[in-house]
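I opened this notebook to keep track of what I looked up, one topic at a time.

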Amino acid sequence: MSTTDAPADSPSARPAERCPECRSALAVNERFPTWCPSCEWNLLPPEPVPADRTPRQQRKEERAERREEAARRDVRERSEQVFKLVSEDGSGLRDSSAAAAFALAGVVHLVSLTVLLFGLGLVSGLLLPGWPGRILGVIALGIAFQLRPRLGRPTRDGTLDRAAVPTLYGLVDRISEELGAPKVDSIVVDAEWNASFGVRGLRRHRQLTIGLPLWTVLAPQQRVAVLAHEIGHCVNGDNRRGLWNGSALNALVEWYRLTEPDRTRAQQGPTGLVMMVADAVANRVLWVLNRAVYGLVVLMNRQWLRAGQAAEYRADLLAVRLTSVADTRDALTTLLHWPTFETVLHRQRTLPKRRPGGGRPDDPDLWQSLAEAVRTVPPLETERRLRAAARQGDAVDSSHPPTHLRLRMLTAAPPEQHRHPVVLDSGRAALIEAELAGRRERLAVDLL
Ligand SMILES: [Zn+2]
Ligand SMILES: [Zn+2]
């Protein structure tokens, strides 16, 4: 997607314009595309098209665009369906779709286990004595190795030491305690416009990742809301990324790769009739297997879309419980402002490099510019981004509900009960900022 902010220093002084579609008066802000909130004219400004496209390229691109649109529509419809189910009664959804995903993963693991046992049986000569059996066994063990559960590894880069950032860990621990979740093992700060949580490695290391750009532009209570959402993934029945389901999907992806028909050999010229026939038959068989595996991946993804999106809504509601509807809503809305982050990055990269200690002291640095740019995004542009996201489906993948539905779920939620809201007061917020200062400097250097 293209960035939409223009340079910030041009005031909006053009005369009032009218919408070419419905003649409503349009507000013009030169930093952002002009669009019509009444009829949504120019909601998504057209992408520039390269002039030297051949008709064939054009047709190909149009076909790809239609396919993408169909996939988006599919996810959109399913997402709406999940929204409806969760907002009416989330409990039934949790049981049925999570159980289906769990069972499907079980079938995949059973296949992997069979391959392993088959390989062991062959290699040991129990199933088929002689060398051909042994060779087959080695191949089967190789496949079983590929299908093994992968536990992932906790990230080391950017990990914060508990002793070095005690206030931040303190806040995160307090949120975990409030939600009834175990403590995190480590916190990583990176340069993403995001935050995430994962359980990795044999020891099931619990790692929270905070994207510093996003963190920077959030108000203290919005930061609490984001942390509560992420920690909420430990207690919201979200088993997508768990060992059982996660490794099943990995195994399926491996199957998909292993069964992909080989197209390269057919193009290498004649290699004898027998080889050609054998190749053709093998490719047919592989193709059938490959389609079957693909069908399983799609099925699993659908179950996950339901279970996963329902889990995201529950995590949002946990965030509401520790903060408020307004804080959670504002934090979610801020996620839409990544184009502003991209623009600020781009602008800062084109500035002459500052020498260490040089530059005017009043020059805003990356983080100040970013905070200012996001703070000054006008409500009309926020509305445009929200509606554009709703139309396009903005979720990173189908596991996340689109932002507009997450926002709608917040308003559909029962009236907030401030049981024990976690408050990040200005004193502790400032302490955390001081703790992160070193990372801030490092990341700015990496980004620019
Ligand atoms: Zn209009
Ligand atoms: Zn989440």
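This is a predicted model: local features need pLDDT of at least 70, side-chain atom pairs count only at pLDDT 80 or more; totals for chains, interfaces and linings use all residues.

What geometry does the site of the zinc ion (ligand 1) have, judged from the angles among its four donor atoms? I found that the site is tetrahedral, with angles of 105 to 115° among the four donor atoms.

Residues are numbered from 1 along each chain as its sequence is written, chains are lettered from A and ligands numbered from 1 in the order in which they are written, and side-chain values use heavy atoms, with hydrogens and water left out.

**Entry: zinc ion (ligand 1)**

I looked up the donors, which are N, O and S atoms within 2.8 Å of the metal (3.2 Å for Na, K and Ca); water is not among the atoms, so sites may look incomplete. The zinc ion (ligand 1) is coordinated by the SG atoms of C19, C22, C36 and C39, at 2.2 to 2.3 Å. Along the sequence these donor residues follow the spacing C-x2-C-x13-C-x2-C. C19 sits in the loop between β1 (17-18) and β2 (25-26), and C36 in the loop between β2 and α1 (55-123), so this pair ties together parts that are 17 residues apart in sequence. For these labels, helices (H or I, at least four residues) and strands (E, at least two) are DSSP runs, numbered from the N terminus. I also checked the burial of C19 and C36, and both are buried; the word means under 20% relative accessible area, whereas exposed means over 50% and partly exposed lies in between (1.4 Å probe, protein chains only).

H229 counts as buried at 7% relative accessibility, and E312 counts as buried at 1%.

**Entry: aromatic pairs**

A pair of aromatic rings is described by the distance of the centres and the angle of the planes. Rings of Phe, Tyr and Trp (its six-membered ring) pair if their centres lie within 6.5 Å, and planes under 30 degrees apart count as stacked, over 60 as edge-to-face and the rest as tilted. I noted four aromatic pairs in the structure. In one of them, the rings of F102 and W244 have centres 5.3 Å apart and planes at 25°, so the pair is stacked. F102 lies in helix α1 and W244 in helix α6 (residues 243-258), so the pair ties together parts that are 142 residues apart in sequence. F102 is partly exposed at 45% relative accessible area, and W244 is partly exposed at 37%.

The rings of W193 and F341 have centres 5.4 Å apart and planes at 20°, so this pair too is stacked. W193 lies in the loop between β4 (186-190) and β5 (195-200) and F341 in helix α9 (residues 338-350), 148 residues apart, and the pair thus links distant parts of the chain. Both W193 and F341 are buried.

**Entry: salt bridges**

How many salt bridges does the structure hold? I noted 15, where a salt bridge is a side-chain nitrogen of Lys or Arg within 4 Å of a carboxyl oxygen of Asp or Glu. One of them joins the side chains of E178 and R174 at 2.7 Å, N to O. E178 and R174 both lie in helix α3 (residues 166-179), four residues apart, about one turn of the helix. E178 is buried, with a relative accessible area of 17%, whereas R174 is partly exposed at 33%. I also looked up E69 and R76, which form a salt bridge with their closest N and O atoms 3.2 Å apart.

Definitions and conventions. Four donors count as tetrahedral if all angles lie between 85 and 135 degrees; four count as square planar and six as octahedral if opposite donors are over 155 degrees apart and all others between 65 and 115; anything else is irregular.
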